[in-house]
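Hi,

Here is the structure I promised to pass on. My notes follow below it.

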Amino acid sequence: MHCSTPHEPRSPEPTDPGPTEEYAMTTSITTPSLTRLDRCDRCGAAALVRATFASGCELLFCGHHARAHAPRLRELGAALRLPD
Ligand SMILES: [Zn+2]
């Protein structure tokens, strides 16, 4: 499966706890919230959902594509982080 992120490295925001937090143990996931700079990997719309794989790579999806791909992503073992 294609699992690369086309995003350029993001510069940490002032409130960002740090890049290592994102790949911390699954028991304490503290992934920074998505921002308007995060875009859906499929259509380029604002990303609402982050799908994180055990390998550490992640994909971002808009609401539409998150719903469309959620079953397949869960099949692949991705952890989907939905907005509150
Ligand atoms: Zn999309």
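Which residues make up the largest nonpolar core? There are 10: Ala47, Val49, Ala51, Leu59, Leu60, Phe61, Cys62, Ala66, Leu73 and Ala78. Strand E1 (49–52), strand E2 (58–61) and helix H1 (63–75) each give two or more residues to this core, and E2 gives the most, with 3.

Before going on, please note that this is a predicted model, in which local features need pLDDT of at least 70 and side-chain atom pairs count only at pLDDT 80 or more, while totals for chains, interfaces and linings use all residues. Residues are numbered from 1 along each chain as its sequence is written.

For the terms: a nonpolar core is a set of buried Ala, Val, Leu, Ile, Met, Phe, Trp, Tyr and Cys residues joined through C-beta atoms within 7 Å. Buried means that 20 or more other C-beta atoms lie within 10 Å of the residue's own, with C-beta atoms placed from the backbone. Helices (H or I, at least four residues) and strands (E, at least two) are DSSP runs, numbered from the N terminus.

Now the sheet. Its 3 strands form an open, antiparallel arrangement in the order E2-E1-E3, where pairing takes at least two DSSP bridges. E2 and strand E3 (79–81) are the edge strands, each pairing on one side only. E1 and E3 pair over 3 bridges in the antiparallel sense, and Ala51 stands opposite Leu80 in E3.

Finally, Ala66 of the core is in contact (C-beta atoms, placed from the backbone, within 7 Å) with Leu48, Val49, Phe61 and Leu80, leaving aside neighbours within four places in sequence.

Best wishes

How values were computed: A residue is buried if 20 or more other C-beta atoms lie within 10 Å of its own, exposed if 12 or fewer, and partly exposed in between; C-beta atoms are placed from the backbone. Two residues are in contact if their C-beta atoms, placed from the backbone, lie within 7 Å.
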